[in-house]
Amino acid sequence: MRTDRLDRITEGGVIAILRGVERDDAVAVADAVVDAGVTALEVTADTPNAMSSIEAIAERTDDALVGAGTVLDAETARAAQLAGAEFLVTPTVNHGVIRTANRYGTPVAVGAYTPTEAIEAYEAGADAVKVFPAKTGGPDHVAAIGGPLPQVPLVPTGGVGADNADEYVRAGAVAVGVGSSIVDDEAIADGDFDAIRENARAVVEAVAAARE
């Protein structure tokens, strides 16, 4: 099951990140991005009522995985799993989170920026490495990490959008994590979920085009 979940994330190639989105809006955002072809949604753990949002999204859709992001400790990791999170994402290398993910069969993408951090995370049991913040080094940095570490699946996150997702895929990313370029706060405030759908569709299409 753990491998199947990871495959669904990499096959879709886009993780839509919901940070600070209220529960009811989170469900509407999930509907919009899944309709656009996104197969993985990440609710950050620093969002108010994050576990409730994860539970609500998990109950609503079978067409996409819902996970927890910004997971900083094992306790949060376990709470997210119990709420229905089907994958975990961290901003840093945290061995407690990795152990909890592995113990209960949950895929985990672990944040790293250097080759040393990337291989440390992978050897500790990470299923993928979240290259973060991606915008600091850009696609060239992702390619530079992947060069000597081709066995490590890389998921650049931070500053990724429809205008550059293709560059990250061509640099070797197995998927991209996308936040505000899809889940735009102004669109949510306006109730414009059609705009969010179009944002998501643009990223999905960019990733698909880069893989052709």
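**Notebook: pocket, cavities and cores**

I began with the lining of the largest pocket, whose residues divide into 6 nonpolar, 8 polar and 4 charged. My classes: Ala, Val, Leu, Ile, Met, Phe, Trp, Tyr, Cys and Pro are nonpolar, Asp, Glu, Lys and Arg are charged, and the others, Gly among them, are polar. This is a predicted model, so to speak of local features I need pLDDT of at least 70, side-chain atom pairs count only at pLDDT 80 or more, and totals for chains, interfaces and linings use all residues. Residues are numbered from 1 along each chain as its sequence is written, and side-chain values use heavy atoms, with hydrogens and water left out.

**Pocket**

I looked up the volume of this largest pocket and found about 340 Å³. It has 18 lining residues, and I17, R19, G158, G179 and S180 are the closest to its centre. On a 1 Å grid over the protein atoms alone, a pocket is an open set of points with protein on both sides within 12 Å along at least five of seven lines, a cavity is a set where a 1.4 Å probe fits but cannot get out, and lining residues have an atom within 4 Å of a point. Points are joined across faces, edges and corners, and a volume is the space filled by probe spheres set on them.

The largest cavity holds about 100 Å³. I noted 14 residues in its lining, with L6, I9, V108, A109 and A128 the closest to the centre. Helix α1 (2-12) gives the most to this lining, with 3 residues. Elements here are DSSP runs numbered from the N terminus: helices are H or I with at least four residues, strands E with at least two. The lining of the largest cavity divides into 12 nonpolar, 1 polar and 1 charged.

The second largest cavity has about 30 Å³. I listed its lining as I15, E42, V89, A109, K130, V155, T157 and G177.

**Cores and α10**

I then looked up the largest nonpolar core: it has 65 residues, and V29, V33, L88, V176, I182 and I196 touch the most other members. Helix α10 (residues 193-211) gives the largest share, 8 residues. Such a core is a set of buried Ala, Val, Leu, Ile, Met, Phe, Trp, Tyr and Cys residues joined through side-chain atoms within 4.5 Å. Buried means under 20% relative accessible area, exposed over 50%, and partly exposed in between (1.4 Å probe, protein chains only).

I checked the length of α10 too: its 19 residues at 1.5 Å each should span 27 Å, and the end C-alpha atoms are 27 Å apart, which agrees. The expected span is 1.5 Å times one less than the number of residues.

I196 sits in α10 and counts as buried because its relative accessibility is 0%. Leaving out residues up to four places away in sequence, I see I196 touch V29, A32, V33, I182, D184, A187 and I188, where contact means heavy atoms within 4.5 Å.

I found a cis peptide bond between F132 and P133, with omega about -5 degrees. P133 lies in the loop between β6 (128-131) and α7 (134-146).

N49, not a glycine, has a positive phi of about 60 degrees; N49 counts as exposed, at 55% relative accessibility. T70, also not a glycine, has a positive phi of about 50 degrees, but T70 is buried, with a relative accessible area of 16%.
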